[in-house]
Each structure stands twice: as structure tokens, then as C-alpha cells.
Amino acid sequence: MKIHQYGPLVVLLSFPLTASLSQGAAAPAPGRGASVEEATLKAVSAAKTFLATLDDRLRSKVSLPLNAKTRANWSNLPTGATFQSGATERNGVKLGDLTPVQQEAALALVAATLSPGGYQKVINIVNADETLERTSAPTRAASSRTRFGRAEFYVAILGAPSATQAWMIQFGGHHLALNITVVGGQNVLTPSHTGTQPSNFTFDGKSVRPLGSENDKAFALINALDATQRKQATLDYQVRDVVAGPGHDGEVIQPEGVRVSAFNPAQRAMLLDLIKEWVGIVNDSAAAAKMAEIQTKLADTYFAWSGPTTNGSSAYFRIHGPTVMIEYAPQRGGTDHIHTFYRDPGNDYGAKLIKP
Amino acid sequence: MKCRLRLGSIAILLMFPGAALAHRLDEYLQATRLSLALDRLVLKIDLTPGVEVAPVIFARINTNRDGRISAAEGRAYANQVLNEIVIEMDGRKPHLDLVRSEFPTFEEMRAGVGTIRIEARTTWTLAPGTHWLLFRNNHRHDCGVYLVNALVPVSPEIEITAQQRDPLQREIRVGFRRSGFCAVFRASADRHFFPGPFQFRMTVIRRGVVSSTTALIRNRSPSPLA
């Protein structure tokens, strides 16, 4: 199959949102040392602050009811596509329709729900998409509705921000979908999507690989398995895309690969470190609780691999356990365009916490 | 590129070069999920043509060439896809009925982000014991890339015991088992489905040896995947 080759990336000149986005890593996050309840209170406060910057029209676009239809409206696709949910636009308002002050408040809300590292990963993905927009815009047909870039990232609040009642924060665009369900002191990040194209680029003079750690840790793990384990982990068929992307809520596939009960302690530690690349996007206290839950069921978790095992190759992998499902899928057999999805088979959208 | 392009399709592609930057190019992704239930098998098939094959696929669907996919054109294409899918259940070939189909616009397909969704099903009465299911997708194998997965059955009575695929995921053989416990009680009013061995199973269950019952059913119909 043919792999599209990019030309040299356009030099990144003026980015209206660069300042606020670049400062993301330094944005205050609740995680380290904070309790779960404190994280929720910070999210509630940041949500109310953001809403207060909006006029009635924008506030009504941002604030939507929380229900099965609204929460399922997320996608890996760019603006201009019909999403897997059937919708033609994401929930909420896009950054491009907000003033600098409103954008700052919107991103502060996102930062308030995430760990510092998770927020930086999100900003790296946004910057990758801005790079893609700069590359693709010059050759795009005037009639095309497809749009990439920072301006096309949407923020929405489903339900009323509350320290006790269920509500959700959605932030997403092309290659990003954060669905954070807040129920009292609990913050649930599943289902969520991270992706990138390009996967390696230069921004502000620095080399950026938004999903580089995921890639490198996975290759390290597959190469840390012994021959028997690796044989069990390796799927004897090609996997050219994810299975459990948007539009597949509630679908749980049969686990495959090597069962983690066969792993030694060092291999288990490597797997947990890999899993944390997704779980650790959310604030540290919520991530710690989720990691503890995953750890208790680690023996019943499976690790599956399809493709070469030399780092730099295009390979698909899946981590599938009772409370976690992660897929990492390079697109079109290359390494420059990556999709990943993170789900909890039993607790997407906080299903265990929200009484019907 | 594997799928054959007509001159007109190439012209359309050249008119929209920007579309090629983001997503699938010369592949036709065909992702299928198999959902096994006590009374039916449901297939959900997502078909996403790449940027370069979209004009070919669209032209195949839009037979009157008016630039839009009508309901009749959509049904005709969905049925063509189903006709090119092989399903075997314990060696028998059940008929697949189209339940619904959804089609994106040509612009979405041309951008590589348009997915055709087809749902089909076949009904059955799943007898207790072991079974195997063969699925093979023969649709557009000149440019198709494939995913096929069995979902964890909703019914606790059904357990998937094996999955075997070909290297391209065009084909999967699923071994599965329906446990007898609930089925026996359900079948008590309909005994003609369970000749001979049924009476024995009932006796065993009355004695409370449910595991022995399951073993008996397994032995009746050994899985070819075992």
C-alpha cells in the first residue's frame, strides 16, 4: 500500500494561539498531591470561570445536557466530516470562535482536569494538527469543508458543573477526544482518543513527538518478552486500524494475545508504565486511583502485538483487561499518522458511577 | 495503487489534491464486528474508501451518476457487499438479511473520512453445544484492507472458545459454545429441538451435576478449532 509522503513542513510563522498553548505545560494542574475531591472542586471552579467569560449565545452552545446522545458525539475525524455519531459538528464551541480571554479560560478548564504531563501531551497533539493545517491548506480545494488546526478544537460542558452531580467536559478536534466524566470525587477519562499527524515535528525550535513515549515503551515491552511470551502476544494477522474507535460504545471484543499472568515483575512494571501514558493524562489523583484498579486485575489483562518489533517500524498493539482497553494503530502501514483509543469496557462515561 | 481508477475518477482526484493529505489513500478499509446471540448473528460492517479509491467506489454505487446516493442505490450496493460475504455456521450457509445501510456524501468519501455502514443479520436457534462460524469477506479484495472481530456475547450462555484468522483478516473462524443449563429449562416446552440426548441431560441436571451436562454437550459436537 502506498504511504503518503509529506514535503518539508511549512515554517511555522504566526500562531495566534501559540502563547496560550505553549504555556500549557506550566498551567496549574490539580494533580500532584491533590485529593480526588480537590481535583473535582478545581474542575468545577475552572468550568464556572470559563462559562462566566461567555455571552448568552456562546454559553448556550457550550452548555449542553448530559445524555447518551450528547456524550457519544466525539470523533477522531477533522471538522467537515460526518462523525461516527452521525453529527456533523462537535459539541460546544471551537477555539477559533472565542476571544483570547475566552480561549485562555477554556484551556485553563482543560488543564484543571489533567495532569501537567497529560496537558502537555494534549497541547502537542493540537500543535501537530496546526502543523497539518499549515501543510494542507495551500492545496485544499476551495469547496472542501475539511479543516485542521488549533482553531478547530472544541470545548463543551455537558450537565452542570457540580461537586456532587454527574457532568462532563469534552475537549477535542482532529486526533483528540477527551471525555472527562466527573461524578462527585471521581474523574473518568474513558472513552478518549489521542492521535497525531505528523508524529514527529519541530515546534518552537524543539523536536516534538506527541505519542513518542507510547511508541517507545511499547517496543521496549515487546522486546522484553521471552520468545514464548512474544509468540503468544503476536497476532498472526495484520491490523490496519483500531477496532474500538468512536461509534463503538458498548462493544467489547474477545481478548487476544499474551495474558499478563505470564509476565515477570519487571515486565508487569513496563506494561503499567505503558498504560500510564493514557491513564496519566487525567489529573494525578484520578490517574492513581485508576492505575490501582488496573493493577488489581493485571493478571487478567492481555497484551497483543501485530507487526515488526524493531522500534521505528509500523506496529499495532492492544492492551485489553477487565477495566482497560487501549489500542495503538499506525495508519496506512506508516509511522507518521497514529490513532490511539483508551476505553474502560465497564466504565466508559462513568457508567459504573451514574445511576440510570 | 490496487483499485482500478477510471479516467474520470483520476480527474476528480486531481481537482482535490488537498484531500490526500490526511487520511486513507489507496485502501478500502472494511471492518466487521460479529455479534453472536441466542437467536441471531448480527454483522456490522464499516466500509471506508481511501481518497484515491473513493471515486471508483462512489461510481459503483451512484449508478445513475447524479452525484447522490439514493436509497435504492444504497440498498443495491449493500446487498452486493452481503452477496460477496461468505457465512457458514456449522457447515451450513445461512442467508444474510440487510437491516440498514448508511452512506456518506461523495465529498466525505473523497476526503477519505466517509464511512459506509451496513448492518445485516441472520436468525437462528442456537442449540446447546459447540459450534463454529466462518466469515469471509470477498468484497473488493483488489484494494481492501480488513478487520474482523467477534464481540464478547451479551448472553452469558455463549462463550467464544477460539478465533482463527487469515493473515489479511479477510476470514475468521470463530469457535463458540452455548452452555446447556439455561437452554435446557428454556427448551422444556419445546422438546422437539432436543431429541435423544436431551432426556439424558434433563436427568443429569435434576441431580444437580451441571458441569457434567456441559461436558456431554461438548462431546456431542467437537469444535473443528480445538
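Chain B of this predicted model holds an open sheet of five strands in the order S4-S5-S2-S1-S7, with mixed pairing; strands are DSSP runs of E with at least two residues, numbered from the N terminus, and two strands pair if DSSP finds at least two bridges between them. Because the model is predicted, local features need pLDDT of at least 70 and side-chain atom pairs pLDDT 80 or more, while totals for chains, interfaces and linings use all residues. Residues are numbered from 1 along each chain as written, with chains lettered from A and ligands numbered from 1 in written order.

**The sheet in chain B**
- Strand S4 (97-102) and strand S7 (144-150) of chain B are the edges, each pairing on one side only.
- On average, neighbouring strands are turned by 15 degrees against each other, direction ignored; axes are lines fitted to C-alpha atoms.
- Strands S2 (residues 40-49) and S5 (residues 116-123) of chain B run antiparallel and are joined by eight bridges.
- B:Val42 sits opposite B:Arg121 of S5(B).

**Chain B overall**
- Chain B has seven helices and nine strands, helices being DSSP runs of H or I with at least four residues.
- Of its 226 residues, 39% count as buried, that is, with 20 or more other C-beta atoms within 10 Å of their own, C-beta atoms being placed from the backbone.

**The largest nonpolar core**
- This core has 129 residues, and A:Ile275 is one of those touching the most other members; a nonpolar core joins buried Ala, Val, Leu, Ile, Met, Phe, Trp, Tyr and Cys residues through C-beta atoms within 7 Å.

Notes:
Axes fitted to C-alpha atoms, helices over the stretch in contact; angles between N-to-C directions. Buried ≥ 20, exposed ≤ 12 C-beta atoms within 10 Å, placed from the backbone.
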